[in-house]
Amino acid sequence: SDSSAEISGAAMDVGVGHFQDPDEIPGLAHFCEHMLFMGTEKYPDEDSFRNFLGERGGQTNAFTMSEHTNYHFDIHSTVFREGLDRFAQFFVAPLFSESATFREMNAVDSEHSKNIMQDKRRFYQLDKVTCNPAHPFHKFATGNLQTLRDRPQAMGLDIRKELLDLYNKYYSANNMKLVVLNNESLDT
């Protein structure tokens, strides 16, 4: 704790990344990252967390790496407790609604399309395609409509079920690490 902190924040690191994607659904871990922002049982509005933070000068983001997915936010310390409660709900009771599932696939696809022309991403992809195909680093990490919608449908897979399976397998306390910075003592 830091008693002089005007801004508080939290980060949750989950031990799952694109290495854990099922071979038939590349990008599923990244897609799951997106879906956690799309409402929870306690705060069902899809933009609830982002709106809460935005209206109070806070911010949030997340990223999926090879073996970890990290979620983080910061906000003025006076409203941190409510922000932390809203954030915690991602890991307690996310909705994964069917309508949001299909809409968010498009957001993942747009993100992938935007990144294609970035040199940094191109070099990264070159490393991936030239490594050992048996190693999970070789997998396509971000996902797109082909990997999250088209291919699973053609294989008879229910993408929402696969998403829930991934979440239930990896999003548990023994596979998570939380860091909190606030101006209150740890005893509060």
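Thr69 is in contact (heavy atoms within 4.5 Å) with Met12, Asp13, Val14, Val16, Gly17, Glu33, Phe63, Thr64 and Tyr171, leaving aside neighbours within four places in sequence. Thr69 sits in strand β3. Helices (H or I, at least four residues) and strands (E, at least two) are DSSP runs, numbered from the N terminus. Thr69 has 0% relative accessibility and therefore counts as buried. Buried means under 20% relative accessible area, exposed over 50%, and partly exposed in between, with a 1.4 Å probe and protein chains only. A polar atom of the Thr69 side chain lies 2.7 Å from the backbone oxygen of Val16.

This is a predicted model, in which local features need pLDDT of at least 70, side-chain atom pairs count only at pLDDT 80 or more, and totals for chains, interfaces and linings use all residues. Residues are numbered from 1 along each chain as its sequence is written, and side-chain values use heavy atoms, with hydrogens and water left out.

**The sheet**

Four strands form an open sheet in the order β2-β3-β1-β4, with antiparallel pairing. Two strands pair if DSSP finds at least two bridges between them. The edge strands β2 (59-64) and β4 (176-181) each pair on one side only. On average, neighbouring strands are turned by 10 degrees against each other, direction ignored. Strands of a sheet pair through backbone hydrogen bonds, either parallel or antiparallel.

Strand β1 (residues 7-14) pairs with β4 in the antiparallel sense over 6 bridges. Val14 stands opposite Met176 in β4. Helix α3 (residues 80-88) packs on the sheet, touching β1, β3 (69-76) and β4. The direction of α3 makes about 160 degrees with that of β3. Asp13 has Lys177 of β4 as its bridge partner. On the β3 side, 8 bridges join β1 to β3, and the two run antiparallel. Here Ser8 stands opposite Ile75. In β1, 6 of the 8 residues are buried, so the strand is largely enclosed by the rest of the structure.

**Helix packing**

How much of α1 is buried? The helix is mostly covered, with 8 of its 8 residues buried. They are Leu28, Ala29, His30, Phe31, Cys32, Glu33, His34 and Met35. These buried residues pack against β2, β3, α4, α6 and α7.

Two helix pairs are set out below. Axes are lines fitted to C-alpha atoms, for helices over the stretch in contact, and angles run from 0 to 180 degrees between N-to-C directions.

| Helix pair | Angle | Axis separation |
|---|---|---|
| α1 (residues 28-35) and α7 (residues 159-170) | about 85 degrees | 10 Å |
| α4 (residues 98-115) and α6 | about 135 degrees | 8 Å |

Helix α1 packs against α7 at an angle of about 85 degrees. That makes α1 roughly perpendicular to α7. Angles under 35 degrees count as roughly parallel, over 145 as roughly antiparallel, 65 to 115 as roughly perpendicular and the rest as oblique. From α1, the contact uses Leu28, Ala29, Phe31, Cys32 and Met35. From α7, it uses Ile159, Glu162, Leu163, Leu166 and Tyr167. By class, the contact of α1 with α7 has 9 nonpolar, no polar and 1 charged residue. Ala, Val, Leu, Ile, Met, Phe, Trp, Tyr, Cys and Pro count as nonpolar, Asp, Glu, Lys and Arg as charged, and the others, Gly among them, as polar.

The second pair is α4 and α6, at an angle of about 135 degrees. Helix α4 is thus oblique to α6. Met105, Asn106, Val108 and Asp109 of α4 meet Leu145, Leu148 and Arg149 of α6. This contact of α4 with α6 has 4 nonpolar, 1 polar and 2 charged residues.

**Two loop residues**

Asn144 lies in the loop between α5 (119-130) and α6 (145-154). Asn144 is buried, with a relative accessible area of 12%. Beyond four places in sequence, Asn144 touches Val108, Asp109, His112 and Arg149. Asn144 and Asp109 are 35 residues apart in sequence and 4.2 Å apart in space, C-alpha to C-alpha. The Asn144 side chain also reaches the backbone nitrogen of Gln146 at 3.0 Å.

Phe96 is in the loop between α3 and α4. At 2% relative accessibility, Phe96 counts as buried. Its phi is near 50 degrees, a positive value in a residue other than glycine. Most residues other than glycine have a negative phi.

Definitions and conventions. A polar contact is a pair of N or O atoms within 3.5 Å; within protein, one must be able to donate a hydrogen and the other to accept it, and residues adjacent in sequence count only if both atoms are side-chain atoms.
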